[in-house]
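Take a moment with the sequence and the fold below. We will walk through them step by step.

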Amino acid sequence: DYFEVIHAQDMQLFDKVFHKDCVLYSAQGGELVVRPFALYRDQVANRQSPKELGNARRDKVLLVDQISDTAAVVKCQLEMFGGVMQDYLSLIFINGKWQIISKIWERVGDVA
């Protein structure tokens, strides 16, 4: 569902995929950028989606490391807004479902 959330920006699905206490991290211009759930959700809800822009979906899961029955890390790659992005997603299994509790992302290239 994560890839669908990022591509189509389905906000109902967003609320299922991301835990309400999730935080996103990146380094931009040499500075740490921290986006709590509410800020990230607002940014996603108010931008034009990659789907609307006609961006192709080329999603890849590069690594899954299930640490325990309740914790996992996923490394994935996707394309959006002209860039190739890699994300590290920390997931927790709580209330009968897996949810993202943190995300570190980086643009690693340009779409060919």
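Two strands count as paired if DSSP finds at least two bridges between them. Keep that in mind, and remember that this is a predicted model.

Start with one pair. β3 and strand β4, residues 71–80, pair in the antiparallel sense over six bridges. Look for two examples of facing residues. Lys60 has Gln77 in β4 as its bridge partner. Val64 stands opposite Val74 in β4. Four residues lie between β3 and β4, and the two strands form a hairpin.

Now find a second hairpin. Strand β5, residues 83–94, pairs with β6 in the antiparallel sense over twelve bridges. Here Gln86 has Glu106 in β6 as its bridge partner. Two residues separate β5 and β6 in this hairpin. Asn95 sits in the turn, with a positive phi of about 55°.

Next comes a parallel pair. β1 and β6 run parallel and are joined by four bridges.

Six strands form an open sheet, in the order β2-β1-β6-β5-β4-β3, with mixed pairing. Which strands stand at the edges? They are β2 and β3. Each has a single partner strand, so one side of each is left without a neighbour in the sheet. Neighbouring strands are turned by 15° against each other on average, direction ignored.

A helix joins the picture. Helix α3, residues 37–45, packs on the sheet and touches β1, β2 and β6. The direction of α3 makes about 85° with that of β2.

A nonpolar patch of about 630 Å² is made by Tyr25, Leu32, Val34, Leu62, Leu63, Tyr88 and Ile104. Both β2 (31–36) and β3 (60–66) supply at least two residues of this patch. Leu32 is found in strand β2. Is Leu32 buried or exposed? Leu32 is exposed, because its relative accessible area is 62% and the cut-off for exposed is over 50%.

Charged side chains make links too. How many salt bridges does the structure hold? There are seven.

Take Glu4 and Arg57. Their side chains meet in a salt bridge, 2.7 Å from N to O. This pair links distant parts of the chain: Glu4 lies in helix α1 and Arg57 in the loop between α3 and β3, 53 residues apart. Glu4 is partly exposed at 28% relative accessible area, and Arg57 is partly exposed at 40%. A network of salt bridges links Glu4, Arg57 and Asp59.

Asp15 and Arg41 form another salt bridge, also given as 2.7 Å from N to O. Asp15 belongs to helix α2 and Arg41 to helix α3, 26 residues apart in the chain. Both count as partly exposed, Asp15 at 34% relative accessibility and Arg41 at 25%.

Finish with Arg58 and Glu79. Their closest N and O atoms are 2.6 Å apart in a salt bridge. Arg58 is in the loop between α3 and β3, while Glu79 is in strand β4, 21 residues apart. Arg58 is partly exposed at 44% relative accessibility. Glu79 is buried, because its relative accessible area is 16% and buried means under 20%.

Key: Residues are numbered from 1 along each chain as its sequence is written. This is a predicted model: local features need pLDDT of at least 70, side-chain atom pairs count only at pLDDT 80 or more; totals for chains, interfaces and linings use all residues. Side-chain values use heavy atoms; hydrogens and water are left out. Patches are made of residues with over 30% relative accessible area and no salt bridge: like charges are joined within 9 Å, nonpolar side chains (Val, Leu, Ile, Met, Phe, Trp, Tyr) within 5 Å. Accessible areas come from the Shrake-Rupley method with a 1.4 Å probe; for residues, only the protein chains shown count as cover. A salt bridge is a side-chain nitrogen of Lys or Arg within 4 Å of a carboxyl oxygen of Asp or Glu. Buried means under 20% relative accessible area, exposed over 50%, partly exposed in between (1.4 Å probe, protein chains only). Axes are lines fitted to C-alpha atoms, for helices over the stretch in contact, and angles run from 0 to 180 degrees between N-to-C directions. Contact means heavy atoms within 4.5 Å.
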